[in-house]
Amino acid sequence: MAVIPDHQAPIFKEAAAKLNTMLKPEVEEDARLVQKGLMLYRQGTVHHLKYMVKSIWATVQDVTPVRVYINVADPEESSCTCPANSFCRHRLAAFFQAYGDVSSVSDWVEDWRKPAKEQLNAEKWGLQRAKDLVKKDTRAGHDYENWAASFRESFEEIIRGQGEPKAYVVPGLFRSYIRRVEVSAPLEAVWKNLYLIAASVHSFNLLTELAGELGHDEESTMDRYYRPLFEDLFNDAEEYVERLAYGTMPFSFDSFLEKLKEETIGLTVPDATVGYDRIDLYRLLWEKLFKNGSWRDAERTRLEKFGDDKRDLIEEIALIHQLVLAKQDGDALKRFTALPVGSLPYMFYWLDGFRVQREWNRMGPFIEYLVQQLRNYLKLLGDYYACKKFIRYALKLVGTYTREIGRGELYDRALAQAMPYSFYEYEDSLFEKEQYEQWGELQSYFGFEYNSISSERIKVLQKEAPEVLIPLYHQMIGDLIEMKNRSSYKQAARLLKKLRTVYKKLKRVPEWEEFFGKLLVRTKRLRAFHEECTRSKLIEVEEA
């Protein structure tokens with residue numbers, strides 16, 4: 001069993017905090033995952049745990065044994081030989097086994113579960129209150145003002161019915177409110193879709209107001225408890241809009257759409273809260289629902305009247321969107337490039353739209369600007385996980401575009417600009433193109449770990465470019481010896497044998513002999529290491 005060095009304990013505590021954020025107790029799937037991982041850990045199914053500088057390796061005996069790798073700095077980048085694509089119970093069990101060396105696993109689980117208990121109680125109350133309201137009301141008729149009034153009344157009754165809610169109970173209460181709204185929708189399909197679109201817009205604004213009034217608009221709180229609700233509202237609105245936009249709408253809709261159109265102005269009002277979510281909802285409605293040319297012209301005129309130096313960022317994005325809808329891409333991109341680099345993610349909506357419509361010519365200039373600004377945006381963003389998330393989506397868009405038009409060099413440029421957050425994608429690309437020397441330099445720079453490289457790749461390198469392995473083996477051997485424990489010495493000895501084989505293949509035996517001789521002198525006080533070298537017949541071979 002590996003023992004975590006004391007100086008590495010803070011890294012594991014940081015990883016535990018990241019898992020606390022990554023896994024949400026209010027999500028049933030995550031709750032089951034933690035329960036199963038905890039059970040495997042407590043049943044003693046984790047064996048052969050090894051700590052290797054930046055990672056954990058272990059075997060977990062489940063129905064069948066699985067091999068687990070955990071990147072301690074970035075748990076999301078971990079892997080397991082089980083079929084699960086996401087963070088699984090085996091990875092969690094292995095992490096608990098290692099974390100138990102530096103802190104209490106039970107305390108972590110208790111802290112993680114606490115908000116879920118209160119949220120469950122609040123959600124039960126909210127659901128009962130929603131049922132009571134439904135009993136009093138009939139289904140909504142065809143009256144926009146009544147719709148708007150009923151949304152606010154239900155929101156206030158359910159969300160604030162027990163006083164000011166804590167941030168972590170808002171999701172449960174909000175889901176109860178949404179159920180109440182849905183069951184009150186008109187029965188006719190076409191009217192039901194319009195009603196639910198209006199509900200999404202009003203609910204979005206009501207939820208935004210709530211976050212601001214209760215002081216829940218701090219970024220971490222928004223990300224954990226509010227952002228999923230905004231995303232659900234957007235996704236629901238997108239589904240209802242799709243149903244409505246491609247059907248035949250009655251003339252009686254016109255006055256409703258006029259009022260809903262005016263409601264979207266609220267989505268562009270200057271406010272630092274949930275900017276991406278609200279402007280995306282605005283863009284969705286104006287792209288798919290409000291297709292009347294005179295409406296779009298009037299909206300563009302409204303936004304232009306503020307003056308170039310008086311528009312808020314969100315208002316500027318709204319204006320650029322109207323230009324994109326009018327296919328005035330040159331003006332749109334010119335305005336966008338004048339914005340601060342922190343605005344870069346707002347481009348994703350248009351890029352995704354171009355991708356869906358396969359408008360590669362329109363997409364090109366925007367992609368070029370995205371790649372050009374990647375490094376500047378990452379410097380501004382700073383947070384590791386935020387950078388990883390941003391790069392994952394950006395590379396998906398860049399990759400789709402470059403594959404379609406055959407511009408692999410642009411994708412490579414994007415990978416280079418996105419380092420280190422594109423490490424895995426970049427090293428895959430270099431290896432596939434047989435650029436082994438550059439691949440090796442990349443691995444060496446970012447800290448090579450032998451077990452993180454597949455045996456298939458090692459075999460390819462041993463055959464095609466064995467010289468690339470030499471500095472990588474040297475680096476890892478040094479790191480393992482520095483850990484100063486028996487397990488790491490065994491691994492170092494195994495790597496030394498592989499390194500000796502490479503030197504022999506390259507006919508550079510004198511270099512090996514000089515290196516190994518100096519290593520033995522430098523480690524003469526590490527008796528355990530010398531014992532492992534003897535067991536591996538490294539010293540015997542040298543003495544012979």
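Is Glu427 buried or exposed? I looked this up and found Glu427 buried, with a relative accessible area of 8%; buried means under 20% relative accessible area, exposed over 50%, and partly exposed in between (1.4 Å probe, protein chains only).

**Ground rules.** I am reading a predicted model, where local features need pLDDT of at least 70, side-chain atom pairs count only at pLDDT 80 or more, and totals for chains, interfaces and linings use all residues. Residues are numbered from 1 along each chain as its sequence is written, and side-chain values use heavy atoms, leaving out hydrogens and water.

**Partner of Glu427.** I found a salt bridge from Glu427 to Arg457, with the closest N and O atoms 2.9 Å apart; the term asks for a side-chain nitrogen of Lys or Arg within 4 Å of a carboxyl oxygen of Asp or Glu. Arg457 lies in helix H20 (residues 455-464) and Glu427 in helix H18 (residues 423-432), so the pair ties together parts 30 residues apart in sequence. Helices (H or I, at least four residues) are DSSP runs, numbered from the N terminus. Arg457 also counts as buried, at 16% relative accessibility.

**Another pair.** I then saw Arg243 and Glu239 meet in a salt bridge (2.3 Å, N to O). Both sit in helix H8 (residues 219-245), four residues apart, about one turn of the helix. Arg243 is partly exposed at 45%, and Glu239 is partly exposed at 38%.

**Whole structure.** My search of the whole structure gave 35 salt bridges. Of the 544 residues of the protein chain, 50% count as buried.

How values were computed
Helix = DSSP H or I, 4+ residues; strand = E, 2+ residues; numbered from the N terminus.
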